[in-house]
Amino acid sequence: MSNVDLLYHELLSTFPEERVSRDEAILTSYSTDISSPPGVATLPALVVLPQTTEEIKILLVAANRFKVPVVPMSRGSNIAGLAVPHKGEVVVDLRRMNKIIEINTDAAYAVVEPGVTHHQLSLAARKKGFINHLPTATGGGSTVANYLMRPSGNLSAKWDPDPIISLEVVTPSGDVIRTGSASFGTAGWRARYGPFPDLTGLFACSYGTLGIVSKMSVKLYDRGEEERLLITKFDNLPSALEYMKLIVRRNLADSVTFWNWVWNMFHELMASKSEELPKEMMKEDQKTPPPGIPFGIASARLSGYKEVVDTAEKTCIRLAREHGGEYLNEEEVKSTHPGSWEYLYSFFIEGIHPKPGEESTMRRAMWLPGWLINAEPAGILELEKYMWEFAKKEAKPPYMFRVLPFNHAREFFFAFVILITGTLDKEREYMLHLKKAYAKLYHELLAKHGAIMFRFRQDPTFLALTGPYGDLLRKTKTILDPNNIMHPGVNLF
Amino acid sequence: MSHGITLDERLYRFGTMCVRGGCCTVGYKDTEFEPICPIYEKYQFFTYSLGGMVQIGRALYEGRLEVNQSVSNVIYTCMSCGACGEMCAEVDFPDIMQLQHELRARCVEAGQVPYEHMAAIEGLKKEDNMLGQPKADRGKWAEGLDVKDITKESAEIYFHAGCRICFDEELWPIARSAVNLLRKAGTDVGIAGKEETCCGGRAYELGYHGEFTKYAEKNMELLKTAGIKTLITACADGYYAFKVLYDMMGKRGDVEVYHITEYLDRLLRAGKLKLTSKVPMKVTYHDPCHLGRKVEHWLLQKGEAKPGEIYQAPRDILRGIPGLELIEMRRNRGNAWCCGAGGGVIDAHPDFAVWTAMERINEAKLTGAEAMITACPWCKRNFTDAMNKSKNGLKIYDIVELVEQAL
């Protein structure tokens, strides 16, 4: 019997048969995601659906004993291959741990399991008068997994870009560790920091390589008496960046995001349901918008008491004007950019992602994994230029490469999403080629622009650049996971 | 690239584009993200969702997986209810269930089909119906009605009863009421009696596209010979077949197809029928998948309907019945939870079909309604079976039965 067979039979003594599978079709459905090049896939050894922390513990202890590697998967909507097996691991699918355990309106936090979706939490929080961080990702994605990978921090950037408070983590040895105030057992889940070093942060961006997060407490933010979407248009990025800095740092807006014209055209496409990409969107010069279309728009969320929001809105409009921008009132945006309004209102005011699929994919085209890059504000223009050049270099017929940057104001994330169009037959080679090009980008962006790419993409040499910091992490990894069973395919260590 | 099964390239591309968000399994904000996919709720793995199925389709196309028992087991647990297509914005194929239909066709080619479906198709081949009943009994439902037989005399409108009603005596009142109502409104209606044949829709949904084509041609020949230009049915499955599948395959010709609710709504608006008797009852309405999302997408693409229109006729009829109070379930219209009878599940996985029906019945009970109304005999059959097992106490009616009461 192989170790996987031994593990399978051991798990059947705890798990009902309908929650442990080695069925070929089931395994196959877990083998690929949007980042998998055509024809490239590895089957998981098993798929297991735990429902409790105790079941995760039993599973990890057994996997550790038999030295069978595992891939944690919360909802599976990762687009970078971080929730699919790479070496025949066991997929631990956490989607059935989907309870919102607590919404504490007094201390403004929620405790959730990893299978809870953004939509679930957002709805529950709003019913209680709160909002939560909402990333520009799919609403069906896992809040826990997304927050652990650094969310893009929309809606609440002015307060704190890190929404995580405390965690419950199960390690391969079977320890159930609680961090933050939850570590004391009786102190609740309300605080990230206590008298000791912060272990919550250790597990953020660890991509399931140190243990499985089975619970998380997250910050909630008061919706306010009034919630308002403020749209301004700009002819260039530097002006928009200055405006964005001011309105967030001086607490006028909860958050603000800048969308260049290609994005806005994309939003219009969502609303129109057209199958064809507009010709303007596909033109060679991606930096110049078509006549009559603004270079980009900044969407800001304002909230609070009505009088305060009225004043904040007036001030934002004044600041936009002072920086060369122009305020677009609601009726104007609805008539000229109906798709953008629909998207942005749903997202920033209702706290709900537009209808699934629409925010993530596009007909007749294909997304490639994007980047979330953190850089100095002053470096963003150079960074943008560099990415345009990168796109131009990599755009080989029949593919069209579109760079769709958008900016978040708090930490100056700069997000690039790449869209390709073309035929299918050569995609495999092309995607494999691009994966190599991506790997080089990490190093080049850091070296040339001091920019850090988030959303780790399986490049073990990247951690090496951090020197003693990486050494300490490796030692910690050895303590927590001596047999390296936790998601080894991620290649973090 | 392909080294595996034949699959429309667009369907394959759909598989490469899915972000596995799982949104295909829940309704949108108007349902507060409640579950809408029965297989996902029941079988729990990601596999049992549109997202999971497209990954299987992708692997089959790429030659990483063969059509085998394991694949067939997954593919045939789906009720083909189309709820996933309501949520996934990528689904804008001619038919939202096109991927499912293609995969099932590949299962048929590979001989990987549930035994119960093979038996149903054998019955179809022998007796021209999906229930394997003697075809000579097909017209019994109309005995004593004295309605025109279109194979013998001319009529303006053909009423197609459908296999489910013809061979299920408990459901005969639906067809009898429908014909009575049409005649009371002065419509020149006829039936085909024992010469009626299966629409082929269920065969199509099970993956037997050849059988579907055969029956589509047979039905159209019947209508052509009888000079029929208008077809009405009280079977939502049949409506989907005649209205969408025949059209998609270029078989519908210039025949106008109506579900009985659409036609009754017209007759009521034109004042040809008047609802005057009180039916004092609190009811909720269950949207059949085949009289909703599975038809709407096609009609919208063809420009034959406005968004939401397909759901309105039954509601308008119910609201027009004196004394009747209609209370909506939260999962309604495009977000409706399936009755459980679709996609051959009622045959191959009857326990799952009943489980699915019970979920809906419990939801209906929560509204405080005394009765759940539907407009499809397959829904009524499955709900009634579930009710008989649960002794839940909710009454199940087809909409035409209430309309007849209200005259």
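Colleague: At what angle do helix H13 (residues 260-269) of chain B and H15(B) pack?

Modeller: A word on the model first: it is predicted, local features need pLDDT of at least 70, side-chain atom pairs count only at pLDDT 80 or more, and totals for chains, interfaces and linings use all residues. Residues are numbered from 1 along each chain as its sequence is written, chains are lettered from A and ligands numbered from 1 in the order in which they are written, and side-chain values use heavy atoms, leaving out hydrogens and water. Helices (H or I, at least four residues) and strands (E, at least two) are DSSP runs numbered from the N terminus, and axes are lines fitted to C-alpha atoms, for helices over the stretch in contact, with angles from 0 to 180 degrees between N-to-C directions. The axes of H13(B) and H15(B) lie 9 Å apart, and their packing angle is about 55 degrees.

Colleague: Which residues of H15(B) make the contact with H13(B)?

Modeller: Contact means heavy atoms within 4.5 Å. From H13(B) come Thr261(B), Glu262(B), Leu264(B), Asp265(B), Leu268(B) and Arg269(B), and from H15(B) come Ile310(B), Ala313(B), Pro314(B), Asp316(B) and Ile317(B).

Colleague: How many charged residues does the contact of H13(B) with H15(B) have?

Modeller: Ala, Val, Leu, Ile, Met, Phe, Trp, Tyr, Cys and Pro count as nonpolar, Asp, Glu, Lys and Arg as charged, and the others, Gly among them, as polar. By class, the contact of H13(B) with H15(B) has six nonpolar residues, one polar, and a charged count of four.

Colleague: How many nonpolar residues are in the contact of H15(B) with H19(B)?

Modeller: Pro314(B), Ile317(B) and Leu318(B) in H15(B) meet Ile399(B), Leu402(B) and Val403(B) in H19(B). The contact of H15(B) with H19(B) has no polar and no charged residues, and its nonpolar count is six.

Colleague: How many disulfides does a search of the whole structure find?

Modeller: A disulfide is a covalent bond between the sulfur atoms of two cysteines, and here the cut-off for the pair of sulfur atoms is within 2.5 Å. Over all chains, the number found is zero.

Colleague: Which cysteine sulfur is nearest to that of Cys23(B), and how far away is it?

Modeller: Cys23(B) is in no disulfide. The nearest cysteine sulfur belongs to Cys24(B), at 7.4 Å.

Colleague: Does Cys23(B) count as buried or exposed?

Modeller: Buried means under 20% relative accessible area, exposed over 50%, and partly exposed in between (1.4 Å probe, protein chains only). With 6% relative accessibility, Cys23(B) therefore counts as buried.

Colleague: Turning to chain A, what share of its 493 residues is buried?

Modeller: Chain A has 15 helices and 20 strands. Of its 493 residues, the buried share is 62%.

Colleague: Is Val48(A) buried or exposed?

Modeller: Val48(A) sits in strand S2 (residues 46-48) of chain A. Beyond its neighbours within four places in sequence, Val48(A) is in contact with residues including Leu11(A), Phe15(A), Leu59(A) and Val91(A). Because its relative accessibility is 0%, Val48(A) counts as buried.

Colleague: What is the relative accessible area of Ser122(A)?

Modeller: Ser122(A) belongs to helix H4 (residues 118-127) of chain A. Leaving aside neighbours within four places in sequence, Ser122(A) is in contact with Asn132(A), Leu134(A), Gly351(A) and Ile352(A). Ser122(A) is buried, and its relative accessible area is 2%.

Colleague: And what is phi of Ser80(B) near?

Modeller: Ser80(B) lies in the loop between helix H4 (69-75) and helix H5 (83-87) of chain B. Ser80(B) is buried, with a relative accessible area of 0%. Its phi is positive, in a residue other than glycine, and is near 55 degrees.
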